[in-house]
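Have the viewer open as you read.

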Amino acid sequence: MAITVEDLTKRGEYTLDLTLVAGHEGMSRKLTTARIQKPGLALAGYTDNLYPNRMQILGNIEISYLNTLEEDKARKALEELCSFEIPCIVVTRGLNVPPSLKEIADGRKIPVFTTSLPSAEFIARVLRFLEDQLAERTSVHGVLMDVIGVGILFLGKSGIGKSECALDLILRGYRLVADDVVEIQKQPPSSLLGSGSDIIRYHMEIRGLGIINIKDLFGVAAVRDQKKIELVVELVEWNTDEEYDRLGEKEETYEILGVEVPLVRIPVRPGRNIATIIEVAARNHLLKLMGYHSALEFQRRLSEKITTNTEEPKMPGVKVE
């Protein structure tokens, strides 16, 4: 994944407050890592720990140090810094950018920005921006719901009833995140955040009705923009020749972007209330997170009962040889 330096100026919700002052021709440079760096000792000539491809932040300490140097020494330090393949430089606190830095940056086509934000605040905001924009992403065909606080991703072939099941859950007071296309991004180290695409957000396709707007029909409380995916429910057609798990001992997972998510397979046939089963699956998932596994507890009690009943009774006064 990569973004351009120009993308830093397009995302207003992060409020980076950037103003470009030099290096206008380098806005197409790439940012490929969600890490930044303050050059620090690199300005004094120690560049062993200066990493290329990282945004460089010049704060009060760096600018104050450069101001203590003679002009030729300050220029040499900045030329050394700009000799690395760095995507851009940001000067924080609204500090004045040294004229020599502007000149060098223009020559090497390295964008230089200023921001009124303090270094710590800017670093916190830009790291959130980079982590969001550089996260691994994918999309799947399915439905994402928030059921009693559990993010459940419904999977299954087209026409099996994913949207109808989601609609039933919405009528029970649960919330739709996405229908048809679910956009998923990985958040380090192992979380998956799902959302709907901008075009079809809040909309749902119901065969026989067409496209409906859940937000308009049921209000803002029936939808949400994004949700962490914690459980995958796969709806499959009922097959009389197949044996289905009746105890729930078997733990299956579904891999998305290298993250293993608990998986429940639910066979669908007329007469089964799938929405109720999914609601119970969400409650059962919460129980497991709290350390209680109903199926394993039942199996343990059953094994104890069988063991007790199969022990040979001892009769008093009778010696068995």
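First, the ground rules. This is a predicted model, where local features need pLDDT of at least 70, side-chain atom pairs count only at pLDDT 80 or more, and totals for chains, interfaces and linings use all residues. Residues are numbered from 1 along each chain as its sequence is written, and side-chain values use heavy atoms, with hydrogens and water left out.

Helices (H or I, at least four residues) and strands (E, at least two) are DSSP runs numbered from the N terminus, and two strands pair if DSSP finds at least two bridges between them.

Let's start with an open sheet of five strands, ordered S2-S7-S6-S5-S4 with mixed pairing. Strand S2 (18-22) and strand S4 (36-37) sit at the edges with a single partner strand each, so one side of each has no neighbour in the sheet. Inside that order, S5 (residues 55-58) pairs with S6 (residues 89-91) in the parallel sense over three bridges, and Gln56 has Ile89 in S6 as its bridge partner.

Strand S17 (259-268) takes part in two pairings.

| Pair | Sense | Bridges | Bridge partners |
|---|---|---|---|
| S5 and S6 | parallel | three | Gln56 and Ile89 |
| S15 and S17 | parallel | six | Leu235 and Ile266 |
| S16 and S17 | antiparallel | five | Thr253 and Pro262 |

Now for the helices. H5 (residues 162-171) packs on H7 (residues 274-289) at an angle of about 70°, with axes 9 Å apart; axes are lines fitted to C-alpha atoms over the stretch in contact, and angles run from 0 to 180 degrees between N-to-C directions. The two are therefore roughly perpendicular (65 to 115 degrees). Who touches whom? On the H5 side there are Cys165, Asp168 and Leu169, which meet Ile274, Ala275 and Ile278 in H7 (contact means heavy atoms within 4.5 Å).

Most residues other than glycine have a negative phi. Ile148 has a positive one, near 45°, and is found in the loop between S8 (137-147) and S9 (150-155). At 27% relative accessibility, Ile148 is partly exposed, a class between buried (under 20% relative accessible area) and exposed (over 50%), using a 1.4 Å probe and protein chains only.

Leu257 also has a positive phi, near 55°. S16 and S17 form a hairpin with two residues between them, and Leu257 is in the turn. Leu257 is partly exposed, at 22%.

Conventions
Angles under 35 degrees count as roughly parallel, over 145 as roughly antiparallel, 65 to 115 as roughly perpendicular and the rest as oblique.
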